[in-house]
Amino acid sequence: MDPSYDSYYCEEPEERQTASIRERKRMCSINVAFIELRNYIPTFPYEKRLSKIDTLNLAIAYINMLDDVLRTPEDSGKYIQNCVHMARTGQYGAPAWSTSDLLARLNWIKWRRLGIEPIS
């Protein structure tokens, strides 16, 4: 085998160690970002840490819900009530976010403290 082949395709131990350190730092920063994201999405009181994919899916649904609430000219509480009712009764036209487990999480929010009638 040609010696230049080994030197081209095989990393030096120092290079591998440097790459490993960079990868650990990258993964650490990603994990910190997920921890911060979990602080902003609704979770159940008894729930263990959500997986990364569950965190992303819930964050997408929550952001879509908040966006819809901001864009609707209707009262926010009534709008959410209508969307939840549409989703639970299987009506066509319910928002995409209302099919996620976000609806179950909405039941845990203390709506009266926010001055809104509870979502039913």
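## Burial and the model

A residue counts as buried when its relative accessible area is under 20%, exposed when that area is over 50%, and partly exposed in between, with a 1.4 Å probe and protein chains only. By these cut-offs, C28 is partly exposed at 45% relative accessibility, whereas C83 is buried at 3%.

The model you are looking at is predicted, so to speak of a local feature takes a pLDDT of at least 70 and side-chain atom pairs count only at pLDDT 80 or more, while totals for chains, interfaces and linings use all residues. Residues are numbered from 1 along each chain as its sequence is written, and side-chain values use heavy atoms, with hydrogens and water left out.

## Overall fold

Let us start with the whole protein. There are 5 helices and 0 strands, where helices (H or I, at least four residues) and strands (E, at least two) are DSSP runs numbered from the N terminus. Along the sequence, the pattern reads α-α-α-α-α.

Of the 120 residues in the protein, 24% are buried. The accessible surface is about 9,100 Å² (Shrake-Rupley method, 1.4 Å probe; for residues, only the protein chains shown count as cover). Carbon and sulfur atoms account for 56% of this surface. As for contacts (heavy atoms within 4.5 Å), 42% of those between residues at least 6 apart in sequence join residues at least 24 apart.

## The largest nonpolar core

A nonpolar core is a set of buried Ala, Val, Leu, Ile, Met, Phe, Trp, Tyr and Cys residues joined through side-chain atoms within 4.5 Å. Which residues touch the most other members of the largest nonpolar core? Among its 15 residues, they are M65, W97, L102 and L106. Helix 3, helix 4 (76-88) and helix 5 (102-106) are the elements that give two or more residues to this core. Helix 3 contributes the most, with 5 residues.

M65 brings these names together: leaving out residues up to four places away in sequence, M65 touches W97, L102 and L106. As general background, nonpolar side chains tend to be buried together in soluble globular proteins.

## A nonpolar patch on the surface

Some nonpolar residues lie on the outside instead. I53, L56 and I60 form a nonpolar patch on the surface, and together they have about 280 Å² of accessible area. Patches are made of residues with over 30% relative accessible area and no salt bridge, with nonpolar side chains (Val, Leu, Ile, Met, Phe, Trp, Tyr) joined within 5 Å and like charges within 9 Å. I53 belongs to helix 3 (residues 52-71) and is exposed, with a relative accessible area of 54%.

## Salt bridges

How many salt bridges does the rule find? The count comes to 2, taking a salt bridge as a side-chain nitrogen of Lys or Arg within 4 Å of a carboxyl oxygen of Asp or Glu. One of them pairs E23 with R26, whose closest N and O atoms are 2.8 Å apart. Both residues lie in helix 2 (residues 13-38), 3 residues apart, or about one turn of the helix. E23 is partly exposed at 35% relative accessible area, and R26 is partly exposed at 41%.

D67 also forms a salt bridge, with R71, and here the closest N and O atoms are 2.9 Å apart. These two residues lie in helix 3, 4 residues apart, about one turn of the helix. D67 is partly exposed, with a relative accessible area of 29%, whereas R71 is exposed at 65%.

## Cysteines

What does the disulfide count come to? The answer is 0, with a disulfide taken as a pair of cysteine sulfur atoms within 2.5 Å.

R38, in helix 2, is buried, with a relative accessible area of 14%. Setting aside neighbours within four places in sequence, R38 is in contact with R49, L50, S51, K52 and T55. I30 is also in helix 2 and is partly exposed, at 27% relative accessibility.

Over in helix 4 we find M86. Apart from neighbours within four places in sequence, M86 is in contact with Q91, Y92, G93 and A94. M86 and S98 are 12 residues apart along the chain, and their C-alpha atoms are separated by 8.6 Å.
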